[in-house]
Amino acid sequence: MFEFTRRNALKSVSCGFGYMAFAGLAAAASAREQSSSNPLLPRQPHFEPKAKRVIFLCMRGGPSHVDTFDYKPALKKHEGEAPGGEAGGQNSQKGRKLLSSPWEFKPHGDSGLLISDLYPHLAKHADDLCVINGAWTDIPNHPQALVQLHTGNFQFVRPSMGAWALYGLGTENQDLPGFITIKPPARLGGAQNYGSAFLPAVYQGTRIGEQGDSLSKVQIGNISNSQLPEDVQRKQIDFVQALNRNLADRQPLNSQIDGVIESYELAFRMQSAVPQVMDTSSETLQTQKKYGIGKGLTDDFGRACLMARRFAESGVRFIELTHEGWDQHKSLQSKLTSNCGATDQPIAALISDLKERDMLKDTLIVWSGEFGRTPAVRNQDGRDHNATGFSMWMAGGGVKGGMNYGATDEFGISAVENRFHVHDFHATTLHLLGLDHTKLTYRYAGRDFRLTDVYGKVADDILS
Amino acid sequence: MIPRLSAAIAFFTVLSAQFCITSLRAADEQAGIEFFEKHIRPILVSKCYECHSSSSKEPKGNLLLDTREGIRMGGDSGEAVVPGQLDDSLLLEAIRWEGLEMPPDEPLPAETIAKFEQWIKMGAQDPRDGKAALIRREINFEKARDFWAFRPITNPEPPASKSKWALTEVDHFVAAKQESRGLKPTGDALPETLARRIYFDLIGLPPSVEQTSAFKVAAEKDIAVAVENLVDELLASPHFGERWGRHWMDVVRYGESTGMERNATFPYAWRYRDWIIQSFNDDKPYDRFIREQVAGDLLPYDSPEQRRDQVLATAFLAIGPKSLNETNDEAFAMDVVDEQIDVTTRGFIGLTASCARCHDHKFDPIPQKEYYALAGIFRSTETFYGTDATNGNRNPSRLVSIAADGKVTQIATKGTGKGSSTAVVEKQLKAEWAKLRKLEVQLNKNPSVQNIRIQRDKSEDRVQQLSKRLKQQKAEAATTEDGTQTMAVLDAASPDDTELRIRGEANDRGDTVTRGFLTIGSVGHIPELDSSTSGRLALAEWLTQDDNPLTARIAVNRIWQHLFGRGLVATVDNFGANGDRPTHPELLDWLASDFKANGWSVKRTIRSIMTSRVYRLGGERSADAEEIDPANDLLWRANHRRLEAESIRDAMLVVSGKLDVTPANGSAVLDAGNGIIGRNLQTSKFDSDNTKRSVYLPIVRGYVPEILKVFDFPEPSMIYGSRDVTTVATQALYMMNSDFVTAQAEAFAQRLLDDGDLTDNGRVDRAWQMALARLPSEPERNDALTFVTQTSQSFESSESDSVRQKKAWTSLAQSLFASAEFRYVE
């Protein structure tokens, strides 16, 4: 008889819905009674989670680890030599000469974490960063590696990490999409990187803008009506809902109609909620400046980071931001400088903002590319793809700060200690969200599928 | 002579070294065995056998450590022990707790682990002979055939049901089940409800106002005759194939690009789409429908047209997603094969044979060996999917061309876009010419610089190569001018068996497996596989032979699903152990044998189901019945079904009067040409404002048209026999705000206003009839009139009366599109 009471409840509220203040959105949404048919409702994780949400900073192209987070003094010592040792013996290293980093590494924070001069702002948060130096992936090609980073598998079409998270946990705020990806690439797997594959379509990511768009202008599709003023549209929705309730009265046991009724109320609320959350101009000038908004180099990614903070505050489960152009086969010095320059201040602002709001403790920030870059080069100012070892970092949401986890060999070619495969990254991320990667399964084609397939190991050492 | 001599010396050196090794071997072996008995066996017995021996109930990870063979072969993760190879021995990884953590409770002491390392280094001597491991894994097919889906299809007599309710054989099966549970079916649906249901079910379009009333008149005379006549009329409509063809396109993961990490277009996939639609319209016998898709290129033919149709049917095997950036050729080839096995087995016989790629099937009686028996068939087949070699495509493919006389040739993929192969070569040639000229000038100035001369010569060679290639490509393109270009498969030049791949690793070859079929589906006569061909023809025969227990069951179950919203077996693509059991096994068998006995006619089976009483039921629920069977498994009422995305869009276009009912000629993907999406093809190429039926919209993997995606269109890389139905806010946003819906609402309103004879009351009635196939109730009519008046008043008074009227009626029209009733059929 649950449906009858719920239906009555909907009847009483649906006429009066209008504008709702931004600040109260998340709380109001989670408190609201929901239909049991909504697959996006919050669900119990497998165990107490450390992180409630993820902000994934995807540095597309493969940032150079030995110039950023993986300090390799041996490169200087053996500058210009062919890389020796076990890793240097690999075929991929033939004809290459070691190139030391043109940037200096200095210890930062109480932990003395070594970070290169490319990240002066981020370095101030050294004690929050868990730098994973032993990361590795299967294939040193962008298309496969990017898809594997997102779905665990480049061989077949599989659900993305965000879709799995949403499937496992639902989302806190029904007025916003639960999985948002800002400016993802259209190629290299394209929508596969935020797709749901065999998981129900509701779990796929909602895309905001695409590569090349200016974030100050983009919007989610169909979020506003170009013809009707809001009050007139409200009348229209009331009329639609009256039709729907008539139908519901004729079919008292058909809960599908309740679902439709609810979807219109949610949609109407989304229309105001989404643009409000995306509107970074409502932040103080000081905050905007902190993110680098208004400065040419940092403006766009600054907006993305500020938007991410606002989405996180509003209860979005999985937020991904892509920053393009880390494929430095050439112009390492100039391009890496500008990439880091464009992202350093915004990311630092995101961390400090979340901290101020006491949200860093349950927000997992992940920074990673699809692989790293070769310490030994053929071109004096460029590095190639390195899949056998690279660096990523995590912060907040249940990971220890101020630490390095794992290591590459003396030159940074291969991960040798606490090797952390992309599958391990997935297992660990799900673990932080309170999900056991071996138990988060979905039955398709007669068998149970996992994000980590038969692989993946949680890196216990980095859990706080 | 000198190099050869030194090679010979080297050979003898190796040989003599080998002699030394052999003479030492016996002693080593004995020491190794002693070491094993002393240090290794006790640990294996005490720490491992509980879960990893032939005496354990269910060996974990298929790993058996109680024989030499078992420990060497390893389990699901790979070889446990490789003599002499510490890094390759997974057992070490496991006991070191690196990755796998074994034994799970507590790691072994470091010195024990060191012993294992030493033992493996010494050559992992192991005296434990025996094949216990293998015997355990043997499948007992006799026993496996007890499973319902593998039993022969029976032809049960319809049970006599007591009630007068049952009209047809189908009804008798349904009624008997209901009676056994004390269930009473609800009343028949109203004629207008039924008309709407029949139209959507058969052609995917709503009835017009006139069609609904004609059916009502006929139904008043004789409902049974009225249904029969309407069903016959719609089965004969060309729109039938557009509806039922789309169902099949879900199963065969129809898509017009490779998808995956390099998403290249398939400009000719639409030919297969058209072939599917035509096949359903022609009521092509379903067994032939299968044979043409699996082996159309190998079938005999009477005319060039037939030849052409049969060859392009094989695009079924070519349109799957492909990982074009795969660098390992063997892996790429085996992935294509895997995809072909998957679609063939799940599509036609509802078995997940692909699960047996890496190991024996975990749940169904499919040994890994039999997967490779099938793989041999597809490895002996060449797949022509037509993506050109530009833009980082590491796995390009040709197309086939079918000439007017039916002759089939392989042709280069003729790109049409900027990245086409001809255009690229032309560009390269031009650049090379420029370079050559420059080098000539340089060389004239510095004739003594050797380096320039070398470069000049190189460049000259390259110009020659490129010119030759260009000429060849242009010639190939020219010979295909009047042929039908299509995706297809053909037998490979030298068909052969393939090897089992250990753990599915493409390059890790085991024993060669003779091509063949799945034992579990092989009953009675087994078609002979001519080993000088791929074997696809025999496979097609095997799939469609009368004794096959699965094919006909799968087919009629799919049909049933599309008429009732759920199959008699809910997991339509999986009849294996992990699938659901049939709610009405006898009915399923009766339908299947009736289907086979009557020439595998899809239309006939549809007709026999739709003329039943159970199809005619209304959706009304009774509390009593709800109590007994809340899920409506026993079909005591009609299910409320959400329309598919295509029907929602098409219905709006019908009501707005904008639907262009003519079939598409090609596809937006053909117009876009060859290319990689996001690289040299922009996705905007596929935004089409055409108003043809949705089945003709371009289905580019990753870029499915918005309206389809919003309403649960299946991922086109996946085999998807039954769609999800979700109800989410993005659908509401689409109905409220999208340009498409707004435009259709405007056109709908204009139609209502254009009819000058109508009063506002009449307009409301008409709107309801057009959109919902019924008249509004009195209160609904009043509400609608009030809504229109109020809405028109809420617009700026500066706007003219007629503008405000139009806007108000548009808002009403949109409301009807947006209503739940519009998108559900009862």
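Me: How many bridges join strand 2 of chain B to strand 3 of chain B, and in which sense do they run?

Reply: Strands of a sheet pair through backbone hydrogen bonds, either parallel or antiparallel. Here 4 bridges join strand 2 (residues 399-402) of chain B to strand 3 of chain B, and the two run antiparallel. One bridge pair is B:Leu399 with B:Ile411 of strand 3. Two strands pair if DSSP finds at least two bridges between them. Helices (H or I, at least four residues) and strands (E, at least two) are DSSP runs, numbered from the N terminus.

Me: What should I know about the model and its numbering before going on?

Reply: This is a predicted model: local features need pLDDT of at least 70, side-chain atom pairs count only at pLDDT 80 or more, and totals for chains, interfaces and linings use all residues. Residues are numbered from 1 along each chain as its sequence is written, while chains are lettered from A and ligands numbered from 1 in the order in which they are written.

Me: Which strand order does the sheet in chain B have?

Reply: The order is 3-2-4, in an open sheet of 3 strands with antiparallel pairing. Strand 3 (408-411) and strand 4 (484-486) of chain B are at the edges; each has a single partner strand, so one side of each lacks a neighbour in the sheet. Neighbouring strands are turned by 30° against each other on average, direction ignored.

Me: Which strands does helix 14 of chain B lie across?

Reply: Helix 14 (residues 304-313) lies across strand 2, strand 3 and strand 4 of chain B, at about 165° to strand 2. Axes are lines fitted to C-alpha atoms, for helices over the stretch in contact, and angles run from 0 to 180 degrees between N-to-C directions. Contact means C-beta atoms, placed from the backbone, within 7 Å.

Me: How far apart are the end C-alpha atoms of helix 7 of chain B?

Reply: The expected span is 1.5 Å times one less than the number of residues. Helix 7 (residues 169-180) of chain B has 12 residues and should span 16 Å; its end C-alpha atoms are 17 Å apart, which agrees. Just after this helix, B:Gly182 takes a positive phi of about 70°.

Me: Which residues of helix 7 of chain B are buried?

Reply: A residue is buried if 20 or more other C-beta atoms, placed from the backbone, lie within 10 Å of its own, exposed if 12 or fewer, and partly exposed in between. The buried ones include B:Val170, B:Phe173, B:Val174 and B:Lys177. Their cover includes helix 21 (585-597) and helix 22 (602-610) of chain B.

Me: How many residues does each chain give to the contact?

Reply: Chain B gives 61 residues and chain A gives 56. On the chain B side, helix 27 supplies the largest share, 7 residues.

Me: What is the make-up of chain A?

Reply: Chain A has 13 helices and 19 strands. Buried residues make up 60% of its 464 residues. Its C-alpha trace spans about 80 × 55 × 40 Å along the principal axes.

Me: Where in chain A does A:Phe156 lie?

Reply: A:Phe156 is in the loop between helix 6 (142-151) and helix 7 (161-169) of chain A. It counts as buried, because it has 20 C-beta neighbours inside 10 Å. A:Phe156 and A:Ala197 are 41 residues apart in sequence and 9.7 Å apart in space, C-alpha to C-alpha.

Notes. Contact = placed C-beta atoms within 7 Å.
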